[in-house]
Amino acid sequence: MPKTLSSIFEQSVDKLRSFLPGNGKKKARAYQRREIPRDQHNVSRSSISEPAKKVLSRLNKSGYEAYLVGGSVRDVLLGQRPKDFDIATNAIPEEVHDLFRNSRLIGRRFRIVHVVFGREVIEVTTFRGNATDAQDDSVDDDRKTSEHGLLLRDNVYGTQEEDALRRDFTVNALYYCIRNFTVVDFANGIEDLRNRQLRLIGDPETRYREDPVRMLRAIRFAAKLGFEIEPETEAPIHQLAPLLTHIPPARLFEEVLKLFSAGYGEATYDLLTRYNLLAPLFPETVKAIEAGEPDELIRQALRNTDARIAQGKSVTPYFLFAAMLWPALQKEWRHRQDNGDPVQPALHGAIGKVIGRQVQATSIPKRFSGPMKEIWELQMRLPRRHGKRAFVTMSHPRFRAAYDFLLVREACGEIEPGLGDWWTEFQRLDERGQERMLSELSSDTPKKRRRRKPVKRPAP
């Protein structure tokens, strides 16, 4: 066993005591290792992917401990199909890497291993240690916190028990052993699964300060699993929500995608609003809604996104962000027009202002911000269909996304219905039918009478 592992093991009793809920302030919730035998749970080898079983078996045969861990165990226990399979082991990353030729080391300070089987990637992590004593100088360089309690570095190997109790929620601190088919529970996660509640391991305020993104994870899991957030776990969220502003915008961008691309977007939006967590992610959108802009387009877009995910279809980040920022864009666009800017320049100015402010909260890569702008700009071009304009608009690379956005606007009652149906029919027809539609459109449009210029008569 590496020196770091053995030294941490000797200190584990003191560390675990400091890590339990309340950190001595309140009576700690009793945590102890519990093994649930095969006849008392529904996890079986058949519910695990073949690549995951291969990794577990090779690690075990090589003399290491290895367990299926986290969300995959939780989801199988709930009768769901896991999205991916993660493994925790006492083997250090270099040892895992040596065992699998089809693996790669990821990360710098705390390394993990990705074992690649075609499209499936099995993530293998070494057991990690939990909070260290403030006077423990031996690992001082590996674990640092900011003045707000935010963990800046957390790179200590540990025991399985420490690995379990440093995880965020009790329902994610479950391990499945493929050798004896038991589920190992350190934090009463099975009990919380049965009660369908989400509970943080440790003192909630301390854990949120260590990593404010845990508040977003609480929302994501509550929406996905349909769980209630346990009262002590939810209590500090309103007060600590502003801590998310200390998280790098690039990380928050990834978290937003996780929140709204899991198939429970509208439920997630409601929870974010309820716990004041939407403002750190979309500050201008929240200001616009509070000023009277409707949010129905956001809700309709999230309903459509949830339906697409349920059908196994893909979703695009730029469409999500175009919807989430639409109220802010409308407010800024209207403000500029009220100040005398023409419609088109006002739109372009509003787009620049809204995106410029948003990237201070969540970054938006250019490969997404560009298409997002085009979706917004095409909303002005879609009503203009005379002559060759319809063909030019339909040939635009972002036409389909803009058309879908138009349908969302109609569905939520932002604009009068009819334009979406016209474009739907126009796409369905061949060129001859399209020409007929354009001809009918021209005939239905009242022609403006041209004023005759007065005839200049020669002077007498």
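D168 has a relative accessibility of 8%, so D168 counts as buried (under 20% relative accessible area is buried, over 50% exposed, and in between partly exposed, with a 1.4 Å probe and protein chains only). Before going on, note that this is a predicted model, in which local features need pLDDT of at least 70 and side-chain atom pairs count only at pLDDT 80 or more, while totals for chains, interfaces and linings use all residues. Residues are numbered from 1 along each chain as its sequence is written, and side-chain values use heavy atoms, with hydrogens and water left out.

**The annotated aspartates**

UniProt, in an unreviewed entry, places the feature "active site" at D84, D86 and D168; such annotations may be inferred rather than shown by experiment, and the feature names are shortened and the positions given in the numbering used here. D168 sits in the loop between α5 (160-165) and β9. Beyond four places in sequence, D168 is in contact (heavy atoms within 4.5 Å) with residues including R199, R207, R214 and R217. D86, by comparison, belongs to strand β3 (residues 86-89), and its 28% relative accessibility makes D86 partly exposed. Among the residues that D86 touches, leaving out those up to four places away in sequence, are Y67 and E123.

**Aromatic pairs**

Rings of Phe, Tyr and Trp (its six-membered ring) pair if their centres lie within 6.5 Å; planes under 30 degrees apart are stacked, over 60 edge-to-face, and the rest tilted. The count by this rule is 15 aromatic pairs.

Y67 lies in strand β2 (residues 66-69) and Y175 in strand β9 (residues 174-176), so their pair ties together parts 108 residues apart in sequence. F253 is in helix α11 (residues 249-260) and F368 in helix α19 (residues 366-381), so this pair ties together parts 115 residues apart in sequence. Y67 and Y175 are both buried, and F253 and F368 are buried too.

**Nonpolar cores**

A nonpolar core is a set of buried Ala, Val, Leu, Ile, Met, Phe, Trp, Tyr and Cys residues joined through side-chain atoms within 4.5 Å. The largest one has 97 residues, of which L59, F260, L277 and W376 touch the most other members. Helix α8 (residues 213-225) supplies the largest share of this core, 9 residues. A second, separate core of 15 residues includes L382, A390, F399 and L441. F399 also belongs to an aromatic cluster with F391, Y403, W422, W423 and F426.

Note on methods. Helix = DSSP H or I, 4+ residues; strand = E, 2+ residues; numbered from the N terminus.
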